[in-house]
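Subject: Structure handover

Hello,

Please find the structure below. My notes on it follow.

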4 protein chains.
Amino acid sequence: MDWNQTHHYTTRARYADTDPMGVVYHGRYLEWFEAARTEMLRDHGLPYKDLENQGFSLPVIKVCCRYHKPVRYDDQAVIQTLLTELNPLKLKLEYRLFVKGDPSLRVEAATWHCFVNSQGRPVRAPKAIHHFFTQLVKT
Amino acid sequence: MDWNQTHHYTTRARYADTDPMGVVYHGRYLEWFEAARTEMLRDHGLPYKDLENQGFSLPVIKVCCRYHKPVRYDDQAVIQTLLTELNPLKLKLEYRLFVKGDPSLRVEAATWHCFVNSQGRPVRAPKAIHHFFTQLVKT
Amino acid sequence: MDWNQTHHYTTRARYADTDPMGVVYHGRYLEWFEAARTEMLRDHGLPYKDLENQGFSLPVIKVCCRYHKPVRYDDQAVIQTLLTELNPLKLKLEYRLFVKGDPSLRVEAATWHCFVNSQGRPVRAPKAIHHFFTQLVKT
Amino acid sequence: MDWNQTHHYTTRARYADTDPMGVVYHGRYLEWFEAARTEMLRDHGLPYKDLENQGFSLPVIKVCCRYHKPVRYDDQAVIQTLLTELNPLKLKLEYRLFVKGDPSLRVEAATWHCFVNSQGRPVRAPKAIHHFFTQLVKT
């Protein structure tokens, strides 16, 4: 896996994100990962909204997240996102989160998604969409 | 206004609700007020979801909130909700928030709502719905 | 494992919890699980805040969550919480989420926590605290 | 008031921000306004964190928000922030929110803050801090 060449999304920890320990609330990272994968798709030419307009969406069916080291208020978080698994029904994205200026891994996570149609039924991705994702897979 | 006889909604401050100062984040109260007015409507016999099923909704068009004293982690918050203004187009709800066991007012707020149809267009409330709300007005 | 005899926490899906698909946002469940484990501890006689006042906390070091079926706006969610693994350094909690009146499992999850002192350093739980948690373990 | 020359903060509406109507939840804007004022202070040379390190903070004591037109999923929101009132005890910030590419005002808001010391007591801002804010006032 080549994390360095992958998409980078940057955000900053706000009061709204942090808890009484002064660190980012563990559930908030999932919102940041949503933003990271959305921007990764946009940068590769397929905004998630366009996918929806074509009648498909990619709900999260599973998430795992390991918190190695906290992120504090006002820290600038950098999230790397990789598509690591793909078949016509499902895909898996992996995330690594760092704080700017510090090489230590803070959080790592993965989300699993399936393709569903506009009625919310699981479906096979159409060829064009599957092909788009094929190009993003890094192994 | 008779606050004591009005609807009471109780919730508790979680890590998810609080910020690095150990107090509830100012934006979170708006979620609590949503829960408070939803339960007030349900208790009076018109769940908000039924209103939606009849083709109407009541989006917030304005909110004002004054923070007198903080609410801390694990505090039990009690929210009183009153419908104080109503016409066929709009209504106003007022909220007072206390912490259980302490008579001092922590937060007071008001939300203004208009009636919209399922296309999101402002409309006059139908007679039956307007009548329902008329019974709730406390002045 | 005996889920039926375990702690039940009930909450309701609000507008604040749901996304444009009309279902609870996947990250929100983590806030509900926080509330569920907090109330489980309180019901067993050790409010989390007391643990903090004794100089200890239990940050989440890992979470996994599987979303089987969506929870919709105004659904009443019931969360069962079980302590399934414990040693003096760490513990694991498991959650099952249902919607009232429907036996189908909606979400299942686990959170892993370690004991840390007030400086945020991992520590062994003192005997009294470890003993308290021992009584809760269900296998 | 000259809004055009003021600070601009840009963000994008995520699933996490939006509700079943497909529009940004009314309480979420308060988080966006926090980010907007934080970046305004940083751009002018006083990160909020530095203010805290000097022993002061600026809690929100009041907020008012008017929602003129909804912001939808994936819309890019641009927030203008102005400091419009200041005395040694308090200040008022005003916000206007647009969607990129559309001149119509979506949301306007104001937040009122007081200076407090590290014990949370209201205090007069020290001369240097008051002077910094004086330079930002636009009337």
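The structure holds 32 aromatic pairs, counted over all chains. Please keep in mind that this is a predicted model.

Take one pair to begin with. The ring centres of Tyr73(A) and Tyr48(D) are 6.5 Å apart and their planes stand at 85°, so this pair is edge-to-face; the cut-off for that label is over 60 degrees. Where do the two residues sit? Tyr73(A) is in the loop between β3 (60–67) and β4 (76–86) of chain A, while Tyr48(D) belongs to helix α2 (residues 48–53) of chain D, so the pair joins two chains. Are these two residues buried or exposed? Tyr73(A) has a relative accessible area of 7% and is buried. Tyr48(D) counts as buried too, at 13% relative accessibility; the limit is under 20%.

Another pair links chains B and C. The rings of Tyr15(B) and Tyr48(C) have centres 6.0 Å apart and planes at 80°, so they are also edge-to-face. Tyr15(B) lies in the loop between β1 (7–12) and α1 (29–43) of chain B, and Tyr48(C) lies in helix α2 (residues 48–53) of chain C, so to speak of this pair is to speak of one that crosses between chains. Both Tyr15(B) and Tyr48(C) are buried.

Back at Tyr48(D), ring pairs link this residue with Tyr15(A) and Tyr73(A) into a cluster.

There are also charges over rings. In chain B, Lys62(B) lies over the face of Trp112(B), 4.4 Å from the ring centre. In chain D, Lys62(D) lies over the face of Trp112(D), at 4.4 Å from the ring centre.

Next, the interface of chains A and B. How many residues of chain A are in contact with chain B? Eight residues of chain A touch eight residues of chain B. About 830 Å² is buried between the two chains, and carbon and sulfur atoms give 69% of that area. Tyr15(A), Pro20(A) and Tyr25(A) supply 61% of what chain A buries against chain B, more than any other three residues.

Last, chains A and D. The same surface serves both copies, as 100% of the contact residues of chain D recur in chain A.

Regards

Note on methods. Residues are numbered from 1 along each chain as its sequence is written. Chains are lettered from A and ligands numbered from 1 in the order in which they are written. This is a predicted model: local features need pLDDT of at least 70, side-chain atom pairs count only at pLDDT 80 or more; totals for chains, interfaces and linings use all residues. Side-chain values use heavy atoms; hydrogens and water are left out. Contact means heavy atoms within 4.5 Å. Rings of Phe, Tyr and Trp (its six-membered ring) pair if their centres lie within 6.5 Å; planes under 30 degrees apart count as stacked, over 60 as edge-to-face and the rest as tilted. Helices (H or I, at least four residues) and strands (E, at least two) are DSSP runs, numbered from the N terminus. Buried means under 20% relative accessible area, exposed over 50%, partly exposed in between (1.4 Å probe, protein chains only). A charge sits over a ring if NZ of Lys or CZ of Arg is within 6 Å of the ring centre and within 35 degrees of the ring normal. Buried area is the accessible area (1.4 Å probe) that two parts lose on being put together, summed over both.
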